[in-house]
There are 2 protein chains.
Amino acid sequence: MRHILSVTVENEPGVLSRVAGLFSGRGFNIETLNVAPTLEEGVSRMTITTFGDEQIMEQIVKQLRKLITTIKVVDLTELKSIQREMCLVKVNAEGERRAEILRIVDIFRCKVVDVSVDELILEVTGDAGKIAALLQLLQRFGVKEITRAGMLAMKRSMQE
Amino acid sequence: MRHILSVTVENEPGVLSRVAGLFSGRGFNIETLNVAPTLEEGVSRMTITTFGDEQIMEQIVKQLRKLITTIKVVDLTELKSIQREMCLVKVNAEGERRAEILRIVDIFRCKVVDVSVDELILEVTGDAGKIAALLQLLQRFGVKEITRAGMLAMKRSMQE
């Protein structure tokens, strides 16, 4: 089962390593991870997605809550949440291909963030399915490089 | 000085913890971090931003390259690169405020990703400065929650 955790922590050296260690110590592989500052000085927020057993996950959450640098842990797995990812894609765009790629850009509401003679860098945001579909469509032009952010998730305002 | 590293790794349990440990072991605080899969099965890519001394950074890069799970390390600090971040913002949007917020959404080319009676969730992408400006503008409506992805960076096609 896929789990999505949002963990608010004090941003000190070593915190990330300890958090990651809780997962790897139980054989859990972190699939995606984001860490970035919040509006509060010295406080960061992580979004972690991982696959694994429910019971072990509960143990990890308990251990996370015990770390003195942990401020808050929210398990978004069971809650209604918005889930967004971002990906940058460098794609071959020589000659006539360019117009065709730009049509795909429009349909997927991507942004072109860099242009050169023979390449484009595109920014796409959305759920994992949308990003996968775009990458598949671009494959035949030649995807040279991708880099993607982990999943960002936020509790929806209206829960049932 | 701010450093941006792009690190391609084999995605095994423990890799993240080891990488993070190299930074914390030298007192470096990771400012933002992204980890997500690449197009290649079992291979993930991390983007790490951190502040610190040049020489210690060089040592960390050397150590990173020595890890058997490391496939590639690119220091994007000195290269021309595209840098993008993504942020989700939950903002109070009751009554007349809503129209005003939607004008800001247009100007900043945000996407509204969730709507309820009294709140909106916005998605914004751009550089850190743009995101900071948006958050400042939204502050007076009441920002309830933010979650942001770390920086994504990609080498520009044209280097000088």
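Guide: The crossing of H1(A) and H2(A) is right-handed; a crossing counts as right-handed if the near helix is turned clockwise from the far one by less than a right angle, and as left-handed if anticlockwise. Helices here are DSSP runs of H or I with at least four residues, strands are runs of E with at least two, and both are numbered from the N terminus. On the H1(A) side, the contact (heavy atoms within 4.5 Å) is made by A:Val19, A:Leu22 and A:Phe23. On the H2(A) side, A:Met57, A:Ile60, A:Gln63 and A:Leu64 take part. Those contact residues divide into six nonpolar, one polar and no charged; Ala, Val, Leu, Ile, Met, Phe, Trp, Tyr, Cys and Pro count as nonpolar, Asp, Glu, Lys and Arg as charged, and the others, Gly among them, as polar.

Now the geometry. H1 (residues 15–24) and H2 (residues 54–66) of chain A pack at about 155 degrees, their axes 10 Å apart. Axes are lines fitted to C-alpha atoms, for helices over the stretch in contact, and angles run from 0 to 180 degrees between N-to-C directions. That makes H1(A) roughly antiparallel to H2(A); the label goes to angles over 145 degrees, while under 35 is roughly parallel, 65 to 115 roughly perpendicular and the rest oblique.

By the way, this is a predicted model: local features need pLDDT of at least 70, side-chain atom pairs count only at pLDDT 80 or more, and totals for chains, interfaces and linings use all residues. Residues are numbered from 1 along each chain as its sequence is written, chains are lettered from A and ligands numbered from 1 in the order written, and side-chain values use heavy atoms, with hydrogens and water left out.

Next, the sheet. Eight strands form an open sheet in the order S4(A)-S1(A)-S3(A)-S2(A)-S2(B)-S3(B)-S1(B)-S4(B), with antiparallel pairing; two strands pair if DSSP finds at least two bridges between them. S4 (70–75) of chain A and S4 (70–75) of chain B stand at the edges, each with a single partner strand, so one side of each has no neighbour in the sheet. Neighbouring strands are turned by 15 degrees against each other on average, direction ignored. H1(A) packs on this sheet, touching S1, S2 and S3 of chain A together with S2 of chain B. Its direction makes about 20 degrees with that of S3(A).

Over in chain B, H1(B) passes H2(B) in a right-handed crossing.
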